[in-house]
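Open the model in your viewer and keep a selection panel at hand.

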Amino acid sequence: MKQITILAFAVAFAATACAPKNEAVYDHPFRNPSLSVDERVEDMVSILTIEQKAGLLQSGSISIDSLGIAAYNWWSEGCHGITGDGVTVFPQSIGLAATFDEAQQLEVFTAVSDEARARWNTTEHNEFGRDKANSDPWWHGLSFWCPNINIFRDPRWGRGQETCGEDPFLAGVMGSATVRGMQGDDPEHYKTIACAKHYAVHSGPESSRHRFDVSVSQRDLWETYLPAFRMLVKDARVQQVMGAYNRYEGEPCNGSERLLVDILRGKWNYDGMVVSDCGAIDNFYVEGRHMTHPDAESACAAAIKAGCDVECGDNYQEFIPLAIARGLMTEEDLNVCFRRAMRERIMLGMYDPEEIDPWKNLGAADISSEEHAALARKAARESIVLLKNEGVLPFKAGIKKIAVVGPNADNAYMQLGNYNGQPIPEHEKSIVAAIRDAAGDAEVFYCKACNHVTEETEGVADFNELSAQVSDSDVIVVVTGLTAHLEGEEMDVPYEGFFGGDRTKIELPSIQEDLVKAMHATGKPVVVVNCSGSAIAFGGIESQYDALVQAWYGGQAGGLAVADVLFGKYNPAGRLPVTFYASTSQLPDFLDYNMEGKTYRYFRGEPLYAFGYGLSYTTFEYGEAKVKGSRHTVTVPVTNTGSVDGDEVVQVYIKSLDNPGAPIKTLKGFSRVNIPAGKTVNVSIELGDGAFESYDASIDELSVRKGAYRILYGGSSRDEDLKSIDINI
C-alpha cells in the first residue's frame, strides 16, 4: 500500500512540477483528473482513516472538511422523474412498461437525467457540498435508486407499480433503457448512476419483508427472478445494485454469498457498487427481524465481506471500526468496498474541475421544460391500454352532456403514483378538468360520488339520487381505482382488502363496484377509466361497462392523455405488462414464490385480460412470418386494415416443445410500430441466442438449449391473437 501511495504522489508531483505555470496544481492526487481513476482511488485509500472510510460508506455520508471531501447522500429517487418540486413527472413505471416502447424509455430517462444534472448544477451548496436549503443533501444527489426490476409475480404486491411488470424480458429491456438514459454515454464520466433493485427474489408481502425467507427452485431463480438483473449488469452496465430486504435461502440478501459473491460478482463479473436497502443491515441483528447475526459488528462485517459496499442506514460508521478491532473483518475488507464506492464518486466528476464537466451547461431551463412536458404527455398517451370498447369510444361528434363520476376523477395528485416529484401547476390536470377542456360546448357534470373504499360523507351519498342527475347524459365516465396511499411500500392501510401496503383482494373496493353498477342501471353507455398501479379484477362487473380504459398513474399529463384517448385525439396502443385476472380466487398463495400458476408464463386458467393485450381504434392483420439467419430474425408483414393511423405492438413469444417445466410461452421480442391506415409494414425482430436460454444445472447458469421450439407472433399473448412457426436450433 505504501508503494502505491508513494507512486501516486510521485505522479502527481511530477505532473505539477513539469507543467506550465498556467496549468492546474492539485493539493491531492485524487483531485487530479489527468491520473487514472484507480490512481485517484488509491490516493484516497492511503490518506483516510478507518473511521473516515466507514463514514463515507453510509448513504448519508460524512464530510471530511480538511480534505474538502463533501458530504453526500447516495440516495436519490428517479423512478419516473426526479423527486422534488417543479420537476417533470412521467407515468409511473408500470405505465411506462405498458408503452412497450424501448426507444421512448431511453428518451424519457435521458430527460430525467438531464433534470438531475440541472438540479445538481443549480442547487446552492456550501463549501462541503451540502444543499444550503437542507441540513441533509436529501434527494439532491447524482446516484438514483432506480429502476425497480423485480418481477411483479402477484398483483397483490403494493410496490408492483414501481416495476416493469410480470415478464423478465420486458423488465430487462425497459430497465436497460432506463439505465442507459440515466448513466449517459460519456466515456469518462457517468451522467448519473442508476441502481438495479431489489436484488433478488423480492416482491412482497410488504408486512413481512424484514423477516421473510424466500426459497425457490433454481429454475425459477434463473429463468424468472434473475434475467432482468443479468441483462442490466452484463448488457446495460448498471453501476449500482441494491440488495433486497428479505432473506434468500436463509441469508439476508445484503450479506448473501450466493447472490452477491457467487452470482453477481462471480458469474456476471460485476465490478460496480452494491448498496443496501434502507435499514436492511439492521435486519441482520434486530429482534423480530432476520436475527441471523448476534450484533451490529457481526452484521457489518458479514455485509462488507459479502460485498455490500454502501449502507443505507447508520451502522457502518459506528460499527465497522469496532468490527475491525474485534477481528471480525480487516481494513483491507473495508478497502475493497471503499474502492468501488469512491470510484463512482470520481466517475461522477465530483472531484474534477467544473470546466471538464460534460453537463455543466444544464440549468434551470432544463427542469420541467416544455419539451419534457410534451414528452410526459406522449408517454402518458402511449401508456393507456384500451381493454374493452363496445363502440362507445371515441366519443362521437355532437355529444351534448358527459357525466364524470368517481373517486379518481378530480384527483390530480393520484396520477403521480409513489416515489414522485411534484410538477409545476400548469403541467398538471385532473381527468375531469382535462375532459372539460376537451369537451367544447358539451356540458360536463361531475360528482365524486364516493371515496375509494367508503361512501362520501359530503355531497351525493345516495347512488339513486346520482343516477337521476346523470340520466340525461349521453355517456357516463366512471373514474375508478386506487391511489399510492392504498397500494405502496410498507404502510398501515386500515381498510378491508388492504394490508401493509399490499392488497388481500384484487377486485375494486365494493363501493366502487356498486357505483359502476348504479351507472350501468341508468341505461346510458358507461366508460370506466381505471387508475391503479396494479391489475384489477373486473370479472364481477365486466358486463356493467361498455368500455374500459386502464390509465395507471399517468404522471403530470395523465389527465390530458385520458381526454386525448376518449375524444379520439389519440389512438390508444398500450399493452398490459401484467395479467388482469378475473378474480382473486385465481391467485395462488401470495407467500409462495415458486412460479407455477403465476403470471401469463405459468397461469393455466383464463384471465379476463391477458398480458400483452390492448385494443385500438383501428384493426391490424398479420401475414405469414419468416425466420432467417443465425440470429433468428423474425420478419412479419403487419397491415393496418382500419380507417385511422395507429401503433401496433408486435410481440414474439417462444414455447419449448421438448423441455418439460418450461413456461407455457415467454416473451422474447417486441416492437412498437406506427402503421398508417391501409398500409403494410414489414416488422423485423431479432431474437438472438438468448431467446433460447434456459437453466442449465451443469453450469448453474443460463445456457442455450438445443431443441424444438415454437415461435409465436402477434398482438398479445392470447392464443387467438398469435400465429406460429416451428423451428429447431
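Start by selecting Cys253, which is buried, with a relative accessible area of 0%. This is a predicted model. The closest cysteine sulfur to that of Cys253 belongs to Cys308 and is 11 Å away, too far for a bond.

Next, select Cys278 and Cys312. Their sulfur atoms lie 2.1 Å apart and form a disulfide; the count for the model comes to one disulfide. Look along the S-S bond of Cys278 and Cys312: the torsion is about 75°, so the disulfide is right-handed. Now show the flanking elements. Cys278 sits in the loop between β8 (273–276) and α10 (296–306), and Cys312 in the loop between α10 and α11 (316–325), so the pair ties together parts that are 34 residues apart in sequence. Both Cys278 and Cys312 are buried.

Move to Cys164, which is in no disulfide; the nearest cysteine sulfur, in Cys79, is 8.7 Å away. Cys164 is buried as well, at a relative accessible area of 3%.

For the last stop, select helix α5 (residues 102–122) and helix α6 (residues 168–183). Their axes come within 7 Å and cross at roughly 35°, and the crossing is right-handed. Which residues of α5 and α6 make the contact? On α5, show Glu102, Gln105, Leu106, Phe109, Thr110, Val112 and Ser113. On α6, show Val173, Met174, Ala177, Thr178, Arg180, Gly181 and Met182. Coloured by class, this contact of α5 with α6 has seven nonpolar, five polar and two charged residues.

Key. Residues numbered from 1 in each chain as written. Predicted model: local features only at pLDDT ≥ 70, side-chain atom pairs only at ≥ 80, totals over all residues. Heavy atoms only, no water. Axes fitted to C-alpha atoms, helices over the stretch in contact; angles between N-to-C directions. Helix = DSSP H or I, 4+ residues; strand = E, 2+ residues; numbered from the N terminus. Left-handed = near helix turned anticlockwise from the far one by under 90°. Contact = heavy atoms within 4.5 Å. Nonpolar A, V, L, I, M, F, W, Y, C, P; charged D, E, K, R; others polar. Disulfide = S-S within 2.5 Å. Buried < 20%, exposed > 50% of the residue type's maximum accessible area, 1.4 Å probe, protein only.
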